Amino acid sequence: MTELEETALPPARESSENDLIETEQSQATQTLELSDEERLQARIRLFRKRQWFMLTLSLFVILAAFSLRTLNTGRVQITWLPQLPIPELCGSRLWFDTSCPGCGLTRSFIALAEGDVSTSLQMNRIGWIMALALVAQIPYRIYMLNQPPRDVIDLAWPRWFGRFLITLLIGNWLLLVISQQVS
């Protein structure tokens with residue numbers, strides 16, 4: 001092979017590699033270039049999945065509150081498995097031996113399910129608000145599943161409501177920490 005032929009080979013090889021890369025990029029672009037209607041349908045599917053997930057999760061938590069009980073030790077157990085208490089689930093308590101903003105919510109929900117409001121307030125002062133928000137999820141999610149998704153898919157107020165509840169949890173926890181520091 002001559003020196004001229006040797007120098008001509010690599011560009012030909014690069015050209016075929018470039019063609020292959022361009023073809024792959026073109027195929028990827030075609031799959032990414034969804035029509036507006038396809039994009040909307042994908043968002044609607046995601047929206048509906050979220051509604052179903054939140055509805056199922058809300059029902060599960062409510063049913064769990066009715067099937068759990070709090071022991072004298074503060075641990076929680078399933079009522080139909082009395083010999084097996086549930087292990088501590090709070091990572092903050094396990095790793096740092098301190099409470100977190102959500103500490104006591106499970107026991108607060110259980111107390112509410114038993115009709116014991118004063119114990120619920122002792123476990124977590126805003127447990128009743130969180131339980132009310134949880135119960136409200138059921139009719140809300142059913143309503144959202146029955147609405148035309150285009151009308152409700154971009155509502156901002158559910159995000160703000162979620163942020164409000166998180167802020168409420170953290171604010172309650174900070175007040176609790178500050179009151180313990182002062183005592």
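In what order do the elements of the protein run from the N terminus on? The order is α-α-β-β-β-α-α-α-α-α-α, which comprises eight helices and three strands. Helices (H or I, at least four residues) and strands (E, at least two) are DSSP runs, numbered from the N terminus. The model is a predicted one, in which local features need pLDDT of at least 70, side-chain atom pairs count only at pLDDT 80 or more, and totals for chains, interfaces and linings use all residues. Residues are numbered from 1 along each chain as its sequence is written, and side-chain values use heavy atoms, with hydrogens and water left out.

**Overall composition**

- Of the 183 residues in the protein, 23% are buried; buried means under 20% relative accessible area, exposed over 50%, and partly exposed in between (1.4 Å probe, protein chains only).
- The accessible surface of the protein comes to about 13400 Å², and 63% of this surface belongs to carbon and sulfur atoms. Such areas come from the Shrake-Rupley method with a 1.4 Å probe; for residues, only the protein chains shown count as cover.
- Among contacts (heavy atoms within 4.5 Å) between residues at least 6 apart in sequence, 53% join residues at least 24 apart.

**Helix 2 against helix 4**

- Two packed helices are described by the angle between their axes and the distance between the axes.
- The axes of helix 2 (residues 36–67) and helix 4 (residues 105–113) come within 8 Å and cross at roughly 70 degrees. Axes are lines fitted to C-alpha atoms, for helices over the stretch in contact, and angles run from 0 to 180 degrees between N-to-C directions.
- Helix 2 and helix 4 are therefore roughly perpendicular to each other; angles under 35 degrees count as roughly parallel, over 145 as roughly antiparallel, 65 to 115 as roughly perpendicular and the rest as oblique.
- On the helix 2 side, V61, A65 and F66 meet F109, I110 and A113 of helix 4.
- By class, this contact of helix 2 with helix 4 has six nonpolar, no polar and no charged residues. Ala, Val, Leu, Ile, Met, Phe, Trp, Tyr, Cys and Pro count as nonpolar, Asp, Glu, Lys and Arg as charged, and the others, Gly among them, as polar.
- F66, found in helix 2, counts as exposed at 57% relative accessibility.
- F66 and I110 lie 44 residues apart in sequence, and their C-alpha atoms are 6.5 Å apart in space.

**Helix 4 against helix 6**

- The axes of helix 4 and helix 6 come within 9 Å and cross at roughly 75 degrees, and the two helices are therefore roughly perpendicular to each other.
- L105, S108, F109 and L112 of helix 4 make this contact with G127, W128, M130, A131 and L134 of helix 6.
- The contact of helix 4 with helix 6 has, by class, seven nonpolar, two polar and no charged residues.
- Buried residues in helix 4 are L105, R107, S108, F109, I110 and A111.

- Side chains of opposite charge can pair when their charged atoms come close.
- One salt bridge is found in a search of the whole structure; a salt bridge is a side-chain nitrogen of Lys or Arg within 4 Å of a carboxyl oxygen of Asp or Glu.
- The side chains of R39 and D36 meet in a salt bridge, at 3.4 Å from N to O.
- Both R39 and D36 lie in helix 2, three residues apart, about one turn of the helix.
- R39 is partly exposed, with a relative accessible area of 41%, whereas D36 counts as exposed at 60%.
- R141 is found in helix 6 (residues 127–145) and counts as buried at 8% relative accessibility.
- Leaving aside neighbours within four places in sequence, R141 is in contact with Q51, M54 and L55.

- D97 lies in the loop between helix 3 (91–96) and helix 4.
- The phi of D97 is near 55 degrees, a positive value in a residue other than glycine, and D97 counts as exposed at 70% relative accessibility.
- G115 follows helix 4 and has a positive phi, near 85 degrees.
- F161 is placed in helix 8 (residues 157–182) and counts as partly exposed at 34% relative accessibility.
- The C-alpha atoms of F161 and A133 are separated by 9.5 Å, the two residues being 28 residues apart along the chain.
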